[in-house]
Amino acid sequence: MEAAFYTASVIAIAATILTITRSNAIHALLYLIVSLLAISVVFYTLGAPFVAVLEVIIYAGAIMVLFIFVVMMLNLGQRAAALERRWQTPAIWTGPTILSALLLAEVVYLLVRGAGGETAASVVEPKQVAMVLFSKYLIGVELASMLLLAGMAGAYHLGAQQRRKKEVQHATGADEGRAGAGGDLVHTRTGGSAGAP
Amino acid sequence: MTSPFPFASIFGILFAALIIAGGLPWVERRVLALFQDRYGPNRVGPFGVLQTLADAIKMFAKEDWVPPFADRAVFVIAPAVLMVTVLLSFAIIPAAPGIIVDDLNIGVLFFLGMSSLGVYSIVLAGWSSDNKYALLGAMRGAAQMLSYEVFMGLSIMGTVLLAGSFDLVKIVEAQRGLWFVVPQFAGFMLFLIAGLAETRRIPFDLPEAESELIAGYHAEYSGMKFGLFFVGEYLGITLISSIITTLFLGGWLGPWLPPVVWFLIKTSASIAFFILLRAALPRPRFDQLMALGWKLMLPLALINLLATGAAVLAWSF
Amino acid sequence: MFSILSTIWRVFLHMFSRRVTVQYPEQKPYLAPRYRGRIILSRDAEGGERCVACYLCAVACPVDCIALQAAEDAAGRRYPEFFRINFSRCIFCGYCEDACPTYAIQLTPDFEMGEFHRQNLVYEKQDLLIDGEGKYPGYNFWKVAGVAIGGKAKGEAAREAPPTDVNSLMP
């Protein structure tokens, strides 16, 4: 179990580093997915299979698909990758790197100093998670659900508005097109068609 | 947690799944022919049984071509993702007491997680092909599978509530008195439709719709990479059928015959029903598909879950 | 919703209906004697070629798949020196058979003439000529035509009067 834990952790760190350094957006996202999967394995080795699977379903399976979906739609080509490469100057990445290195040093220090053998102390059942969520952290769950409800209402509002506008535009566009064609669907330059007023 | 003979179970289930998936193309073509008053492949071997073998040899002999404009690494990974996710899902299916790879206490969620990862193979295949039809197929696949996953999970939760566990073995044991297809008929129907959409079978095969998108996300694939998609689809059908059997049709439970035989009979019946749907139903338009998913299926799944929860609560008092 | 279910049920019932497939190589369909298949050249009852190389079939052919060269033997009978049909062009319309004045060219109820090489679909005279009389037994053009050939002078054909001597005054 410990070997699995450390392997997954190394994979997660490596994949995250690769996520940051890739210039191709899709490749970066793929590494991010690998990193999320590795983190889910870490959760599993720590005795939280429920959280591990939720990580796979929600983060890797749903949210990242939406990310990839959007990036795919944007159709970033070679030019975007070149631009990305130009932007990644040392001046940009030194600051975050130093901060991350400090964090890493801290983690390493904790691992070396601490007992470290805390993996899989006890398996947490889904039922326990639910009990804790709906008793101790009830306020948090309710707040999160309110936030999601607000998000859903907002998304619906935006979508409905967009759709109404588009419908109006379509209608007028079609009318204008027809008027320009002399009321006929088939536009004849020579005129003389029976439908022309 | 694991079965007494882990390696025997792993290889047994792996080989069974692969053999069933390998034989399915032939079975499907024969059964489809039966529904359409034809014979289907009946030349290679007795009753054409070796047709799949002949097809496999043909596929191996074909040129394994990667288009020069494709994103090579992603293009190669995509079909493997499909196979890996589907085959991993077979790990949690109890074919009989003791014949299971890993009796996870979150088996249902593991299945949902793997099926949600399966979307990547389609999205990545479509994107890396750098072909507009493949991209359109990938878009459709991503949207379709994401939306149908939502109520697929919700439709299963009714059985989970009744059994009181995410563990598939416990769910089967809970059906000793009554199969869950009776109290959870709405959930069963919803899961069937969602399963069709997840496996991209014919009423919902919009990602590959050959009449409009040629072959959709695998338009650029040839040789054994296409073969992986092909086998992956049939593995997916087998997987969904065995999940339906486990969750709603009482798994291995049944009188007289050995448990494995019962499991196989129920799974085969479910697969046959999938084939019947393919023979009978036309493909909906894409907006109809999305509207069906979000405007009809999702509310129904929520109502089903609420009603089941209320019933379970009332029963426990 | 109901229509979907009824569709599924009806398709299911098709499981029990008869299959319409004809298992071809084992189970051959009946072909009428006048079926327009493979083209042959027939012989008359005496074993002579019926074809008189009149070119009418080549002219009638809408896809120009027939080629031949007329020749005449020592007895005065016309015959094709070569007779070539390109079956990769032929559309089996049967116009050549209609045009033929001697019943030589005939279409037969045989369609199994697939080849792996296109060149093999060009049939020469030895491929086309059969030893039988085909659909019209007993007919011999030279026996009814008023043409003089070796062994048969003018006026000796069936249902033919001797030629009138136009230089004579006698009726």
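The following paragraphs lead from the arrangement of the chains to one interface and then to one helix. The structure is a predicted model.

Two pairs of chains are in contact, and chains A and B share the most contacts. Chain A and chain C, by contrast, do not touch, and their nearest C-alpha atoms lie 28 Å apart. The other contact to consider is that of chain C with chain B, in which 15 residues of chain C meet 13 residues of chain B.

The interface of chain C and chain B buries an area of about 1,400 Å², and carbon and sulfur atoms give 61% of that area. Polar features are also present: five residue pairs are in polar contact between chain C and chain B, both residues being at pLDDT 80 or more. The rule finds one salt bridge across this interface. Its partners are Glu26(C) and Arg43(B), whose closest N and O atoms are 3.0 Å apart. On the side of chain C that touches chain B, the residues divide by class into seven nonpolar, five polar and three charged.

Within chain B, attention may turn to helix H9, which runs through residues 223-248 and has 26 residues. From the first C-alpha of H9(B) to the last, the helix reaches 37 Å, close to the 38 Å expected at 1.5 Å a residue. Is this helix largely enclosed or largely open? A residue counts as buried when its relative accessible area is under 20%. In H9(B), 21 of the 26 residues are buried, and the helix is therefore largely enclosed by the rest of the structure. Just after H9(B) comes Gly250(B), which takes a positive phi of about 80°.

Note on methods. Residues numbered from 1 in each chain as written. Chains lettered and ligands numbered in written order. Predicted model: local features only at pLDDT ≥ 70, side-chain atom pairs only at ≥ 80, totals over all residues. Heavy atoms only, no water. Helix = DSSP H or I, 4+ residues; strand = E, 2+ residues; numbered from the N terminus. Expected span 1.5 Å × (residues − 1). Buried < 20%, exposed > 50% of the residue type's maximum accessible area, 1.4 Å probe, protein only. Contact = heavy atoms within 4.5 Å. Buried area = accessible area lost by both parts, 1.4 Å probe. Salt bridge = Lys/Arg side-chain N within 4 Å of Asp/Glu carboxyl O. Polar contact = N/O pair within 3.5 Å; in protein donor to acceptor, adjacent residues only side chain to side chain. Nonpolar A, V, L, I, M, F, W, Y, C, P; charged D, E, K, R; others polar.
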